[in-house]
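Me: I have a structure open and want to go through a few spots in it. Can you take some quick questions?
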2 protein chains.
Amino acid sequence: MGVFKKNGSQTVWFENPPVIISTASVVGPQEGEGPLGKTFDKVFYDTYCDEETWEKAEQRLMLEAMKKALQKANLQEKDIDFMLAGDLLNQIVSANFTASALSIPFLGLYGACSTMYEGMALGAMLIDGGFAARVLVGASSHYSTAERQFRFPTELGVQRPMTAQWTVTGAGAVVLAEKGSGPVITHATIGRVIDMGQADPQDMGAVMAPAAADTIVRHLQDTGRAYDYYDLIYTGDLGTYGKKLADHLLRQQGYDISDRFTDCGILIYSGAQDVHAGGSGCGCSAVVTCGYLIEKLKDGSYKRLLGIGTGSLHSPCSVQQGSTIPGIGHALVIEAR
Amino acid sequence: MGVFKKNGSQTVWFENPPVIISTASVVGPQEGEGPLGKTFDKVFYDTYCDEETWEKAEQRLMLEAMKKALQKANLQEKDIDFMLAGDLLNQIVSANFTASALSIPFLGLYGACSTMYEGMALGAMLIDGGFAARVLVGASSHYSTAERQFRFPTELGVQRPMTAQWTVTGAGAVVLAEKGSGPVITHATIGRVIDMGQADPQDMGAVMAPAAADTIVRHLQDTGRAYDYYDLIYTGDLGTYGKKLADHLLRQQGYDISDRFTDCGILIYSGAQDVHAGGSGCGCSAVVTCGYLIEKLKDGSYKRLLGIGTGSLHSPCSVQQGSTIPGIGHALVIEAR
């Protein structure tokens, strides 16, 4: 079914666009209280999500999102050919334990906060390539597990700079299928890793903005489309400063997309929630896509979306050893059908 | 080009089997001194590999393996559609920095020590699915980075139990292509995550053996083949105890494959090298495949291989929090052409 569509570009075209037949989103309290609160399937009002540790809470979020996505599609685990998932925790344990609980053939991914988009891109290729009829994709993050792993334990009360972002506590999941009803994925643009020499892990917007801009430009060049082919172009988690920087970098290359450009990290929290530069984490683009954006496609507010999952590819060790931080962005075209 | 080959099984068939047109392996001193030493492209005789830290040494190993694989195929970075890679380090930084240096559209993977086989399986699907003409796949590990991240800093001199394995210092890389000359990948069996309740990170053979056995049985059932269709069946890094356990689990299910069953972790070191249960790490199956096994296919010693990349899916944090350790195994059929 897959037909060779690659033309030396970074973009692949799907001949039979895989269908997003189901999505689910499960979030924590801060996300539930935010402006998109009503678009999520489930809100936990405690960050432990009835578990003993925050790490187990994050696994709970991913497992519930995966099960909810299956349930909404009237499917069981055995109906799924592959599960693709990842998260921010060391050795992607949230995804590993979720895969263990679901017992679906599993491919683990790490794309930092771009993981959901990497997973949907790969899942769509497996389906349109003829290797799967249905794929389950998911990603998660948790504010408290990410803070203590990447920065400081929250109990320390360390002051956060204004460029810092707030890791979304939440998980999103989608079921992609070769047929069915729902929005479709028509193209994927796989990002290159871009390193502009930024080295501050408290300013990830500046790390990811050049990668996001690079992928957007490559996508528009590869497809020969004007940016206004899309009703909305959004990034995963650039936050307020990162989005400004991406806007600037795009204009430098002759692309002013600012009349329809937003960011999941900006959408998910209100200004009153004191999250500084906005949301981040694998869960950020995952829950905003699986909740709000899919809802907007289904109610007809938007017809064509260009979404860029963005990731900051550092580890605490690489930062401590003085390395700069590279970034990545993977784009998907999601259209209402 | 991809044709729907999935039959509700865990195994995918490649209609036009992707070709391994080039492989490369770069290793550290202990691997160079081992019985397979002469099969590797390059041996560093210092574990720092001319870098300042062991983490940078690991990146150097992966970057050199990737470049060598390209060079042996007379290709440049721009000739490659996608790079798929991963490693054991937190946030797969070895792969991220290598992707940054090569500037090829990048998909990051985490499958613990199964990563090379996960990457080759996905890469083969992207090629046979029609999304890429050439894919670069790689994986790395380093004894000293893995010890201090997963267990103890080596400077402490902590005694290792006899079930412990020695993380291979090395990186392997392959170029997969839709056409060309070399061995081909005809099938991939994607593993489920299996958790039998083992919880000791110093006995990873026992974690991975059930997953390896599960994937081997599923592969033979899915393909309807007898085990002796293959000249050799090998696992990634079960080590001596894990291999015995896999042998036992397979016999329990009616499969005695012991006359042609081995393990890359057993092959890579000699008994005199004091590595206890054998080699492990993403680099283990990667360099043994890219060096020794491909050589054996090319010189006609073997015609058909069934290789199972095996991974132990824990993190230091998950172990400290009392979780059990799940395992995974991904199988590939590699045949001489």
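Me: Which side chain does B:Tyr234 join in a polar contact?
Reply: This is a predicted model. In it, the side chains of B:Tyr234 and B:Tyr117 are joined by a polar contact of 2.6 Å.

Me: Is B:Tyr234 buried or exposed?
Reply: B:Tyr234 is buried, because its relative accessible area is 1%, and buried means under 20%.

Me: Which element is B:Tyr234 found in, and what does it touch?
Reply: B:Tyr234 is in strand S10 of chain B, residues 232-235. Leaving out residues up to four places away in sequence, B:Tyr234 touches several residues, among them B:Phe261, B:Cys264, B:Leu293, B:Leu305 and B:Ile334.

Me: Switching to chain A. How many residues of helix H3 are buried?
Reply: Nine of the ten residues of helix H3 (93-102) of chain A are buried, so the helix is largely enclosed by the rest of the structure.

Me: What do those buried residues pack against?
Reply: In chain A, the buried residues of H3 pack against H2 and strands S4 (82-87), S5 (106-108) and S6 (134-141). H10 of chain B is also packed against.

Me: What about phi just after H3(A)?
Reply: A:Ser103 follows, with a positive phi of about 60°.

Conventions: Residues are numbered from 1 along each chain as its sequence is written. Chains are lettered from A and ligands numbered from 1 in the order in which they are written. This is a predicted model: local features need pLDDT of at least 70, side-chain atom pairs count only at pLDDT 80 or more; totals for chains, interfaces and linings use all residues. Side-chain values use heavy atoms; hydrogens and water are left out. Helices (H or I, at least four residues) and strands (E, at least two) are DSSP runs, numbered from the N terminus. Buried means under 20% relative accessible area, exposed over 50%, partly exposed in between (1.4 Å probe, protein chains only). Contact means heavy atoms within 4.5 Å. A polar contact is a pair of N or O atoms within 3.5 Å; within protein, one must be able to donate a hydrogen and the other to accept it, and residues adjacent in sequence count only if both atoms are side-chain atoms.
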